[in-house]
Amino acid sequence: MILIDKALQLRAERRQPVRVAMVGAGFMGLGIAKQIVQFVPGMELVAIAGRRLESAAHVYRQAGLEEVVPVETAAQLERAIAEGRPAVTDDPLLLCAADNVDAILEVTGSVEYAAQVTLAAFAHGKHVVLMNAELDGTLGPILKRYADRAGVVYTACDGDQPGVQMNLWRFVRSMGLTPLVCGNVKGLHDPYRNPTTQEAFARRWGQKPHMVTSFADGTKISFEQAIVANATGMGVAKRGMLGYEHRGHVDELTRVYDIAQLKAWGGIVDYVVGASPGPGVFVLAGCDDPTQRHYLNLYKLGEGPLYSFYTPYHLCHFEVPFSVARAVLFADAVLAPLGAPVVEVVTTAKRSLQAGETLDGIGHYMSYGQCENAEAAAAGRLLPMGLAEGCRLRRDIAQDQLLRYDDVVLPAGRLCDRLRAEQDACFERSAVPLAAC
């Protein structure tokens with residue numbers, strides 16, 4: 001942030017704004033659009049793709065831009081951008097192909113749709129900034145490979161808890177400390193919540209019930225912590241994470257975790273329910289140098305052996321533009337997979353399921369996601385939560401039972417399944433050889 005504000009101001013003074021195109025016109029897209037249009041000098045939101053043109057136009061209007069241009073061709077889009085007129089389309093691939101776009105901001109929360117957009121963006125040399133942990137937690141390692149081949153940045157973003165955790169992790173490591181827990185603070189965790197139970201809350205805040213459900217049932221935090229794990233190399237202590245309930249301050253967590261066990265695990269990602277300040281994130285770190293520990297004690301972080309660092313908030317759309325600027329201006333990813341998956345999000349039955357039923361996906365009535373170490377997920381052929389939607393059940397599944405590939409028939413012709421097979425092969429988790437790696 002300290003560098004980014006100056007860099008964007010310079011872009012504004014030179015009239016060379018960072019040009020962003022956004023895919024997604026929902027609740028979060030609306031906030032992001034308003035932030036970029038009204039409060040970020042040196043950056044322009046040049047186009048929005050939504051499943052419905054009216055949704056994309058509404059997002060622009062809420063940001064204060066009334067005169068939008070519907071476009072159906074690449075030529076129309078290029079002309080609109082050149083003329084400084086905000087463009088809307090229902091075809092996200094137009095945004096990916098446009099010469100006058102520096103980065104694609106993907107905020108749909110989908111997997112199949114977003115995978116198509118992401119690959120198209122890479123093919124046209126565009127950086128991709130995701131507010132989409134579901135895609136990243138399912139296909140991030142292989143998408144990072146594609147980005148590297150294209151010479152572009154693939155990254156999650158500030159504002160979402162994973163990006164805020166990663167900023168804190170980098171800060172702690174840069175001081176010479178060893179991060180041992182990357183944690184997320186939750187107010188509620190109930191795996192049996194569904195869109196009916198969450199409807200009133202969703203209506204109050206103008207959100208979709210299934211999205212709110214994914215927060216409450218633990219699926220969202222599982223995806224968030226999985227992508228932190230994949231970016232840091234940390235695993236989970238057990239399937240589903242430890243998930244302590246702690247009603248005190250996050251600083252008190254230094255007495256909850258055992259440092260010897262954390263070191264034996266190589267560090268973990270986790271969450272706590274009810275801690276303050278929330279909803280924030282924390283990193284617990286160790287320090288083996290006695291002199292530095294003396295100084296940390298002097299600076300009121302205690303005697304150790306664990307030290308607490310936290311950010312008491314995550315500001316979602318307010319921080320997203322900084323992530324775009326980091327990618328475009330500094331080639332710096334907020335958060336991206338290191339390589340092979342470390343943690344997966346696996347599908348678990350929310351209720352008793354019957355053979356022949358078709359799974360309804362993330363944040364609905366039939367399943368929830370849990371974190372599992374990638375080696376265990378591969379050994380058990382566990383079905384990734386990001387691929388569950390649309391799968392038809394071969395057999396009955398009891399409530400809270402894990403779903404395996406052998407339990408379902410995958411929908412035909414999906415890009416996400418092809419990419420997932422490629423990812424497994426690339427990282428030697430499949431017997432199917434693929435030449436792409």
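In this predicted model, the number of disulfides is zero. Cys371 takes part in none, and the cysteine sulfur nearest to its own, in Cys182, lies 13 Å away. A disulfide is a covalent bond that joins the sulfur atoms of two cysteines. The cut-off for counting one here is a sulfur pair within 2.5 Å.

How accessible are Cys371 and Cys416? Cys371 counts as buried because its relative accessibility is 0%. Cys416 is buried as well, with a relative accessible area of 1%.

Next comes a residue in a helix. Gln35 belongs to helix α2, which covers residues 27-39. Is Gln35 buried or exposed? Gln35 counts as buried because its relative accessibility is 11%, and buried here means under 20%. Leaving aside residues up to four places away in sequence, Gln35 touches Val40, His317, Phe318 and Pro321.

Helix α13 runs over residues 290-298, and at its start a side-chain oxygen of Asp289 comes to within 2.9 Å of the backbone nitrogen of Thr291. Following α13 is Lys300, which has a positive phi, near 75 degrees.

How values were computed:
Residues are numbered from 1 along each chain as its sequence is written. This is a predicted model: local features need pLDDT of at least 70, side-chain atom pairs count only at pLDDT 80 or more; totals for chains, interfaces and linings use all residues. Side-chain values use heavy atoms; hydrogens and water are left out. Buried means under 20% relative accessible area, exposed over 50%, partly exposed in between (1.4 Å probe, protein chains only). Helices (H or I, at least four residues) and strands (E, at least two) are DSSP runs, numbered from the N terminus. Contact means heavy atoms within 4.5 Å. A polar contact is a pair of N or O atoms within 3.5 Å; within protein, one must be able to donate a hydrogen and the other to accept it, and residues adjacent in sequence count only if both atoms are side-chain atoms.
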